[in-house]
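Subject: Structure for you to look at

Hello,

Here is the structure I said I would pass on. Please open it first, then read the notes below it.

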Amino acid sequence: MPRILRCIRRVKPDAIMIMYVGWIYHRHPMITLLPAMVKRLFPKIERVVMITNAIGSVPAATARSKMAWQSARMLVGGADPEFGTLLRDCSRICILSEHHLAALAAREPQVTSKAILVPPPPILHLSPATPATRAKARARLGVAEDELLFTFFGY
């Protein structure tokens, strides 16, 4: 956490996006507390999370881990046992399915007001880079020719 916060202080981003997949962080809950820390220390920074599954992280069952987690939860004003402060303190929450949205809203009702449902896009096959191909792909995605389009491959 200190390393991440030092980086944020140095870089001064307008927004932070967390790609949250619990197993990537070895189910360690620290990353779930980042939105609360950023909100407290850098209130003007937007906090966005993309949750790819409705399964959170659970602290290790050791007494030391439980004590550390309880202390951290008190420090940030409480936290969900699995999602920490991701659901409460993020400005926006990108969710990939209505099923995940329902599960997360059951944990934190305010999720529905800040959730953005981003269903997976259609599978696009590699094609020649021609104006016609570009127009056809944009049409399939429902994106106008003059709209900005970002493409992101993988994590």
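Helices (H or I, at least four residues) and strands (E, at least two) are DSSP runs, numbered from the N terminus. This is a predicted model, in which local features need pLDDT of at least 70 and side-chain atom pairs count only at pLDDT 80 or more, while totals for chains, interfaces and linings use all residues. Residues are numbered from 1 along each chain as its sequence is written, and side-chain values use heavy atoms, with hydrogens and water left out.

The cavity

A cavity is a set of points, on a 1 Å grid over the protein atoms alone, where a 1.4 Å probe fits but cannot get out; lining residues have an atom within 4 Å of a point. Grid points are joined across faces, edges and corners, and the volume is the space filled by probe spheres set on the points. There is 1 cavity of 30 Å³ or more, and the largest cavity has a volume of about 30 Å³.

E1, helix H2 (34-41) and E2 each supply at least two residues of its lining. H2 gives the most, with 3 residues. The lining consists of Ile16, Ile18, Leu34, Pro35, Val38, Arg47, Val48 and Cys90. It divides into 7 nonpolar, no polar and 1 charged (Ala, Val, Leu, Ile, Met, Phe, Trp, Tyr, Cys and Pro count as nonpolar, Asp, Glu, Lys and Arg as charged, and the others, Gly among them, as polar).

The sheet

Two strands pair if DSSP finds at least two bridges between them. Here 4 strands form an open sheet in the order E1-E2-E3-E4, with parallel pairing. Strand E1 (15-20) and strand E4 (115-117) stand at the edges with a single partner strand each, so one side of each has no neighbour in the sheet.

Strands E2 (residues 46-51) and E3 (residues 92-95) pair over 4 bridges. Val49 stands opposite Ile93 in E3, and the bridge partner of Ile51 in E3 is Ile95. E3 and E4 pair over 3 bridges; in E4, the bridge partner of Ile95 is Leu117.

Salt bridges

A salt bridge is a side-chain nitrogen of Lys or Arg within 4 Å of a carboxyl oxygen of Asp or Glu. The count is 5 salt bridges. One of them joins the side chains of Arg107 and Asp80 (3.0 Å, N to O). This pair links distant parts of the chain, 27 residues apart: Arg107 is in helix H5, and Asp80 is in the loop between helix H3 (63-75) and helix H4 (86-89).

Regards

Technical notes:
1 Å grid on protein atoms, 1.4 Å probe; cavity = no way out; pocket = protein on both sides within 12 Å on 5 of 7 lines; lining within 4 Å.
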